[in-house]
Amino acid sequence: MKRMVVFISLIGCLTACERVYIEPNQKATPPELLTELWENVRDQYAYLEYKRIDWLAIRDEYTPLVNNQTPTDSLFRIMGDMLYQLQDGHVTLRAGFNSARNWDWYLNYPLNYNELFVLQSYLGNGFSQTGPFRYTILSDSIGYLRYPSFNSDFSSDQMEYVLKQLANTRGLIIDMRGNTGGNAENIAKLMAFFVDRSQAAGQIVYKSGSAPTDFTTSEEIRIAASESVSYQKPIVVLINRQCYSACNIFSGFMSQLSQVTLVGDTTGGGGGFPVASELSNGWQYTLTVSRIMLPSGHELEGGVPPDINIRTGPEEEQLGYDAIIEEAIVNLSN
Amino acid sequence: MSLKLDSCNSAKKNRNKCFTLSRLIAGILCLGSSMCLVSVTVAQSQHYVGIGIAPTRINVRDEGNSPLLYQGIGIRAFALYQIQAKNSLFAVELGGQLGGIQPRLEAGSILLPGSAQHYAAQSRLSYRRNIHTSRVWKLAAGGAWDTHTIVNYYELNSNNLVGYELNSSVAIQGHVEYTVNKYWSVQGLLQVPLVQYVSRPTSTGLVPFDDDLSVDYTQIVWGGEWGTWLRYRYVETHLSIGRKLKNYDQAEFFYRWRAANNRLNPALEYAYHSLGVSYHFNLNSPTP
């Protein structure tokens with residue numbers, strides 16, 4: 001019985017020593033939190049070298065701004081400003097009371113898109129909608145297809161149905177303006193209907209260490225062709241600065257297809273994928289941890305330029321047309 | 001056979017060959033005898049199939065995804081097969097666990113509600129021999145091959161992250177049983193690893209262009225390293241109160257604790273507290 005008591009006491013002691021295995025959450029001071037965020041960016045952010053950002057200098061600039069008495073909202077603002085230096089719309093900082101993100105990728109540029117005007121002037125009451133896709137056939141047998149967000153999921157059956165409705169068109173306009181991205185899986189899912197065979201569309205590398213040049217080896221991104229329907233007639237993809245992230249990557253991938261022409265303004269960029277994590281005080285942040293490039297090595301972070309750069313705005317609308325759509329129609333008619 | 005051995009002695013150049021042959025024959029005889037003994041032992045043993053279930057308190061800190069300690073409640077279920085001989089026990093156990101966990105901070109913190117799902121699977125082959133027995137208590141020691149896998153799915157800001165760990169270890173076990181009376185007994189088990197293989201692939205979140213979470217099982221299984229006690233440690237304990245039933249089945253009320261501290265990069269720490277019941281069916285019934 002004595003041995004039993006000793007044994008069970010030993011087990012009890014081990015169980016009581018759980019803190020040896022799991023320490024409770026540490027309460028970090030404002031300077032520690034700033035350092036934690038700075039180190040996470042150093043270790044995880046994929047574009048420090050590409051954007052030639054001197055992250056050490058940024059630490060020296062922001063560290064003196066924070067001390068143990070820095071109020072919570074001030075700390076949040078300072079940390080948000082530090083992340084702003086990355087010039088990346090995928091980088092965010094969120095707390096229960098505020099969120100910070102860089103919106104420069106489209107705020108400083110002309111919009112080149114008015115959804116209501118396009119709806120009134122081109123789609124009217126006669127358009128169809130299947131899943132997230134709005135589509136119609138414009139004059140001269142030109143198909144028009146709008147996909148508003150890569151966050152909107154769709155089934156292959158839906159896309160097949162749409163393309164069967166547009167099968168007799170002589171060309172197709174895919175309007176991606178204002179599409180700020182979303183689920184990257186939908187890139188390959190959508191593009192599968194515009195390639196005739198499996199093909200390499202790009203390559204991806206992941207940040208793998210604390211040095212700016214630490215990356216995994218490049219992985220090829222392949223797009224498999226749809227087994228049912230494939231649209232192989234001329235295509236014009238409409239883009240603007242609000243075409244970001246997954247939309248930017250889709251545009252970059254599509255630009256390599258021989259039947260595709262990009263019309264509009266340069267896309268907003270966003271050439272990697274963000275991953276979220278947490279700081280010791282529970283604030284969440286997202287950082288771009290990967291870089292996506294075209295097979296040629298061209299980086300997508302800076303945006304995809306159009307083949308035909310053309311702008312549209314209120315003046316054109318007053319005259320009753322969208323200059324970007326009109327250019328697409330002319331391009332496809334020719 | 002004797003003729004062959006004699007002929008061996010008469011041919012010097014064949015001695016080595018014959019010696020090898022003799023060893024092979026002796027080995028086969030020994031193996032056959034051992035198998036007979038094992039067969040007899042197994043035949044004379046008690047065979048149990050058990051199932052158990054236990055609500056579990058889960059604590060996880062996966063520094064590949066968050067510096068925060070996640071806590072929550074889950075459920076653990078397991079099945080086991082035991083062969084209890086007079087002086088030894090062989091057991092196979094398979095278990096699974098799932099639960100929802102959330103970060104916990106000190107009161108007053110302003111944080112966002114991150115959440116995660118925690119999954120764990122465990123398999124264990126164990127063998128123990130009695131090293132001391134008396135009328136009321138029994139002390140046994142032995143070893144186990146224990147494999148424990150963890151998968152954590154994190155939902156942060158609409159972004160999914162996945163954290164994995166696979167640990168396979170050869171461990172030592174100590175077991176003590178105190179028999180209160182004909183029906184009741186109290187048991188304790190302690191398991192500590194000796195040699196471990198730990199795999200901890202880097203989490204990169206949802207891999208784009210895949211329909212499903214991209215899980216590279218090859219990397220998980222073969223991308224690990226041998227861990228020492230300094231870099232990785234775990235302890236598992238199992239305390240139970242058993243009640244023998246009339247048909248020689250056995251019911252147990254148990255408390256199981258397992259805690260681990262992985263100092264590989266990125267670090268993973270976890271602790272489980274399970275409080276539950278199990279039922280062991282005696283396959284030899286009605287003869288004990």
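This is a predicted model: local features need pLDDT of at least 70, side-chain atom pairs count only at pLDDT 80 or more; totals for chains, interfaces and linings use all residues.
1. Of the 288 residues in chain B, 45% are buried.

2. The secondary structure of chain B consists of 3 helices and 11 strands. Their order along the sequence is α-α-β-β-β-β-β-β-β-α-β-β-β-β. When contacts in chain B between residues at least 6 apart in sequence are considered, 64% of them join residues at least 24 apart.

3. The largest nonpolar core comprises 46 residues. Within this core, the residues with the most contacts are A:Leu190, A:Phe194, A:Phe253 and A:Met254. Helix H10 of chain A, spanning residues 246-254, contributes the largest share of the core, namely 6 residues. Another core, of 31 residues, lies apart from it; A:Tyr62, A:Val66, A:Val91 and A:Leu93 are among its members.

4. Leaving aside residues up to four places away in sequence, A:Leu190 touches A:Phe133, A:Tyr147, A:Phe150, A:Phe154, A:Met159, A:Met176 and A:Phe250.

5. Helix H10(A) is largely enclosed by the rest of the structure, because 9 of its 9 residues are buried, each having under 20% relative accessible area. In soluble globular proteins, nonpolar side chains tend to be buried together.

Technical notes
Residues are numbered from 1 along each chain as its sequence is written. Chains are lettered from A and ligands numbered from 1 in the order in which they are written. Side-chain values use heavy atoms; hydrogens and water are left out. A nonpolar core is a set of buried Ala, Val, Leu, Ile, Met, Phe, Trp, Tyr and Cys residues joined through side-chain atoms within 4.5 Å. Buried means under 20% relative accessible area, exposed over 50%, partly exposed in between (1.4 Å probe, protein chains only). Helices (H or I, at least four residues) and strands (E, at least two) are DSSP runs, numbered from the N terminus. Contact means heavy atoms within 4.5 Å.
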